[in-house]
Amino acid sequence: MANPLQTLVKQAFPGTYRMLKQMLYRDKDGAITRFLQGGPPEQKRERRAIANALIAMEWEIPSGHTQAEILEVVATVLNLPPSVPGVVVEAGCFKGASAAKLSHACAMRGRKLVLFDSFEGIPPNEEAHDQNIFGGSAAFAAGDYAGSLETVQQNIRRFGRIEQCEFHKGWFENTMPDFHQPVAAAYVDVDLASSTRTCMKHLYPLLSPGGVIYSQDGHLPLVIAVLKDEDFWVNEVGTAPPQFTGLGTDKLVAIRKPLAQ
Ligand SMILES: C[S@@+](CC[C@H](N)C(=O)[O-])C[C@H]1O[C@@H](n2cnc3c(N)ncnc32)[C@H](O)[C@@H]1O
């Protein structure tokens, strides 16, 4: 709805604009409806508040996820038992839409949201992704998905809960080795196999038993190859290959650490 009429209504009548957005929003993939109907009854009010926040930011911040994908991660954060200690991590922020959404769930559960990004987009790389597993093209050039730290903070301040957030600016290979906090859940949305390797190498050892890391890049063959690489898990991460859900079939892959570990 980015047209002159929208801009006019937005600037002249911000209240009317907000109301129109709520009225005109179409839950295209049914994800918000499923999210509102899911979960235990005591989460109804929280889920309604999160759904309203999602709709409010829908036309305002470009993002790299579908509502179904991010709501699966949001629901996981809401449902993490307090016995699983740790922060929530997002690696790969773009303009801050997914972070703003996650920040609401983090505020509701009293968990910190730790955000890692270069805040200058994808690093230079020679990864030939070519096609994703669904047949679409997949190419990631240096600087793609750039969102400055200021933009991300501004968007979270406007649509999320900035007080939950801690920011780590720089290339993952430089910022993650100094990070040592227990992690309850992580959302890794980084497009490159090399970036996925770095995130898994540093985040999986910090993952609490019962916790989960999501990769949003399960549609990319080079990322699938990293996650399926037994030698990588054993020799670089220092663990047996973990349990995966959706590997090789879904864009959003869940990597769980069993409670017994
Ligand atoms: C697809 S975007 C993230 C989309 C965002 N999660 C959303 O849903 O809107 C990928 C992000 O990963 C970041 N990124 C990828 N590789 C990186 C690396 N090695 N170090 C730091 N940032 C990286 C980019 O800067 C970019 O912001």
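**The ligand and its pocket**

Visitor: How many nonpolar, polar and charged residues are in the lining of the largest pocket?
Guide: This is a predicted model, in which local features need pLDDT of at least 70 and side-chain atom pairs count only at pLDDT 80 or more, while totals for chains, interfaces and linings use all residues. Residues are numbered from 1 along each chain as its sequence is written, and side-chain values use heavy atoms, leaving out hydrogens and water. A pocket is an open set of points on a 1 Å grid over the protein atoms alone, where a 1.4 Å probe fits, with protein on both sides within 12 Å along at least five of seven lines, and lining residues have an atom within 4 Å of a point. By class (Ala, Val, Leu, Ile, Met, Phe, Trp, Tyr, Cys and Pro are nonpolar, Asp, Glu, Lys and Arg charged, the others polar), the lining has 12 nonpolar, 14 polar and eight charged residues.

Visitor: Which residues lie nearest the centre of the largest pocket?
Guide: The ligand takes up the space of this pocket, with more than half of its atoms within 2 Å of the grid points. Of the 34 lining residues, those nearest the centre are Ile-122, Tyr-145, Asp-189, Val-190 and Asp-191.

Visitor: How far is a polar side-chain atom of His-65 from an oxygen atom of the ligand?
Guide: His-65 is among the closest of the 22 residues that surround the ligand, each with a heavy atom within 4 Å of it. For polar contacts, pairs of N or O atoms within 3.5 Å, the side chain of Asp-189 has an N or O atom 2.9 Å from a ligand nitrogen, and for His-65 the distance to a ligand oxygen is 2.6 Å.

Conventions: A polar contact is a pair of N or O atoms within 3.5 Å; within protein, one must be able to donate a hydrogen and the other to accept it, and residues adjacent in sequence count only if both atoms are side-chain atoms.
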